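Let's take a walk through a protein together. Keep the 3D view open and follow along as we go from the overall layout down to single side chains.

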Amino acid sequence: MALMGQMMGVPLLISSIIRHAARYYGDTEIVSRRTEGDLHRYNYRECELRARKLAQALGALGVQPGERVGTLAWNGYRHLEIYYGVSGMGSVCHTINPRLFPEQIAYIVNHAEDGYIFFDLTFLPLVEGIAQHCPKVRGWVAMTDRAHMPEQAKVPLLCYEELIEAQDGNYAWPELDENTASSLCYTSGTTGNPKGALYSHRSTVLHSYASALPDALGCSAKDVILPVVPMFHVNAWGLPYSVPLVGAKLVFPGAKLDGASLYELFEQEGVTFSAGVPTVWLGLLQHVQANELRFSSFRRTVIGGSAVPPAMMTALRALGVEVIHAWGMTEMSPLGTSCKLLARHQDLPEEEQQKILEKQGRVIYGVDMKIVDGEGKELPWDGKAFGDLLVRGPWIIDRYFRSDQSPLVDGWFPTGDVATIDAEGYMQITDRSKDVIKSGGEWISSIDIENVAAAHPAVHMAACISVQHPKWDERPLLVVMKKPGVEVSREDLLAFFEGKVAKWWIPDDVAFVTDIPLTATGKMQKLKLREQFKDYRLPSA
Ligand code: AMP
C-alpha cells in the first residue's frame, strides 16, 4: 500500500494570493488610471480589505457560491478587487471582452447566466443596449462613486463605491475545495459561438507560480509591472495573480492604451516590465520613435497573442527592452511556452541568438506538448516537420463550460495551431491551422511571410492570406497597410522577399489597404480579410 505524505492539506486558493500580498507586501503600491480621469493610488493592504468588503456586499445581494458575476471593465484597481472578491468568496469572476459585438456579449452573458455585471462607465451605452436581452441579470453595477454616477441611465444601476462603503470588512475568506471554479473567460470565437474556459482555484494558483518563474515571465518584488494585455483577455495572462504573488508594484493603464499615454505612465511610475499583444507595441514604438524618446526604466516585455515580428523585437531591443516571446491561449490559462536562451546559447553570435528568440519558445513546467501528423502520429523534434500542436497540463481545459463533449484527443488538447519543435524543445508556430496557405499540396507559413513584410520600412502592418488559384489551389496575397506618408510599390515589396524566403513562398500580389481589421483581442482578422478578398483575381491566375 502507498505510504501517504504527512504535509498540511492547505488548499491552493486565489484568496491566499491577495492575503499574502496584503500581509507581506502590504505597503506596495497599485496605481490605476481611472475612467473618472485621474490617477488612483493605494496598496495591497487596502486592496485586500476592499475585496473582503466586496465579498460581503455580494453576499448581501444574494450572490451564491458558484454563481457567475460578469465584468465589462478596463485594467484597474476595482477590477482587481472584483477578481479577488468574487473568486475568493467561491463565486465565479466572469470577465467579458467589451470589444465583441453587443449580440455576442449578450449571448455570453446569457450562456454564463451572470447574476450581476460590473462595468466601467465607458461601457454604459453597451450595458444600456444589451440589458433588455439579458433577462437573468439581477443587477448592473457601475464601477464608480456616487458623484460620478450617470444621471439618466436607461437601466437601474447600483453604485460600486456605495456597495463597498456599506460593509465593515469583517469577513474571513472561506476555505474552499481548491478545485472550485474561480473564473470564466470565453474564447474570442472567430467562427461559431464563443466557448467558455472555466478555471479553478487550483489551476490558477499553479499557473501563477509557474508563470512567475525566471525563465517564464520572470516577475520579482523589485519589478514595477504594467499589464497592457486586458484583464478581459485570459485574465491579463495571469498577471493580476502572479504580480501580487511576488509582491511587485502594479500599474494599470485603464482605457488609455495609445502610445503617448502608455509612454507617459511607463516613465512616471518607473515601469520595468510589461506585457501585451504586438499591435499595442506598434503604437508605443511609433510614438517613441517619432518623438526620439528613450525609456528610463522599462527593460522587459512579454509579447504574445500573435507572432512577434522580428523587426519589432529589434526595434525594442534598440531601445533597451528585452522581448520575451510567449505563446498560449484562453484554453491554457493562457501560458504554454516562453522563449529564453539556455546556458549553452550564451556564447552564440547575436544573430543566432536572435533566431532562437524569434520562436515561441519552450514549455514551462506543468505543460507538455507534441506535434502530430494528420493520422495523429507524433512527429519528430527536428525544427522542420510541422504538424498539429497538442498540449496537456493542470491549467489546460478538460471541456468547455456547459458542454458535454470533451475536445480532448487521447487526453491531449488540440490547440488548432500548426508548429515545429526543434531538437532543443523550442516550438515555433507556423500558422493557425485555418490560416495556412496550401499551394500545390505544400504549406506556406503566413506568419513567416508577415514577419518579412513587417521588416520593410514602409510597412505598418501586413497580413498574408490565401486566395484561390486555378493551378495551385491557393496562393499567398499580401495585404499591406502602409506607414503614413510613405510610398512603396508592389514591385518594391515583392523584391524585398528575394533571398528571405523560398521563391515559391513569395506572394503573388500585394493589395494596399487603409485598414486591417483587428479582432476583439487585437489580432489581425484574417477570416474577414479572406472574405473581403474572396473574389480577388491574382495576376498569375
Ligand atoms: P486566445 O485564446 O485569444 O489567446 O488565442 C490563442 C491563439 O493565439 C493561439 O492558439 C495562437 O493561434 C495565437 N497565438 C498566441 N500567442 C501566439 C504567438 N506568440 N505566436 C503566434 N500565435 C500566437
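Into which domains is the protein chain divided? In this predicted model, residues 14-255 make up domain 1, residues 363-432 make up domain 2, and residues 437-532 make up domain 3.

Let's look at how domain 1 and domain 2 sit together. Their C-alpha centres are 30 Å apart. Domain 1 puts 19 residues into the contact, while domain 2 puts in eight residues. Together the two domains bury about 1100 Å² between them, and 74% of that is on carbon and sulfur atoms.

What about charged partners across this boundary? The interface of domain 1 and domain 2 has one salt bridge. Find R402 and E113 in your viewer: their side chains meet in that kind of pairing, at 3.8 Å from N to O. Besides that, two residue pairs are in polar contact between domain 1 and domain 2.

Which elements supply the side of domain 1 that touches domain 2? At least two residues each come from α4 (102-112), β8 (181-186), β9 (196-200) and α7 (201-212). Helix α7 gives the most, with six residues.

Is R475 buried or exposed? R475 has a relative accessible area of 7%, and because buried means under 20%, R475 counts as buried. Its side chain has a partner, too: a polar contact of 2.9 Å joins R475 to the side chain of D508. Leaving out residues up to four places away in sequence, R475 also touches a whole list of others, including I437, I444, H469, W504 and L538.

Finally, let's check the cysteines. A disulfide is a covalent bond between the sulfur atoms of two cysteines. How many disulfides does the count come to? The answer is zero disulfides. Take C219: the nearest cysteine sulfur belongs to C47 and is 17 Å away. A disulfide needs the two sulfur atoms within 2.5 Å, so C219 is in no disulfide.

How values were computed: Residues are numbered from 1 along each chain as its sequence is written. This is a predicted model: local features need pLDDT of at least 70, side-chain atom pairs count only at pLDDT 80 or more; totals for chains, interfaces and linings use all residues. Side-chain values use heavy atoms; hydrogens and water are left out. Domain bounds come from an automatic or database domain assignment. Contact means heavy atoms within 4.5 Å. Buried area is the accessible area (1.4 Å probe) that two parts lose on being put together, summed over both. A salt bridge is a side-chain nitrogen of Lys or Arg within 4 Å of a carboxyl oxygen of Asp or Glu. A polar contact is a pair of N or O atoms within 3.5 Å; within protein, one must be able to donate a hydrogen and the other to accept it, and residues adjacent in sequence count only if both atoms are side-chain atoms. Helices (H or I, at least four residues) and strands (E, at least two) are DSSP runs, numbered from the N terminus. Buried means under 20% relative accessible area, exposed over 50%, partly exposed in between (1.4 Å probe, protein chains only).
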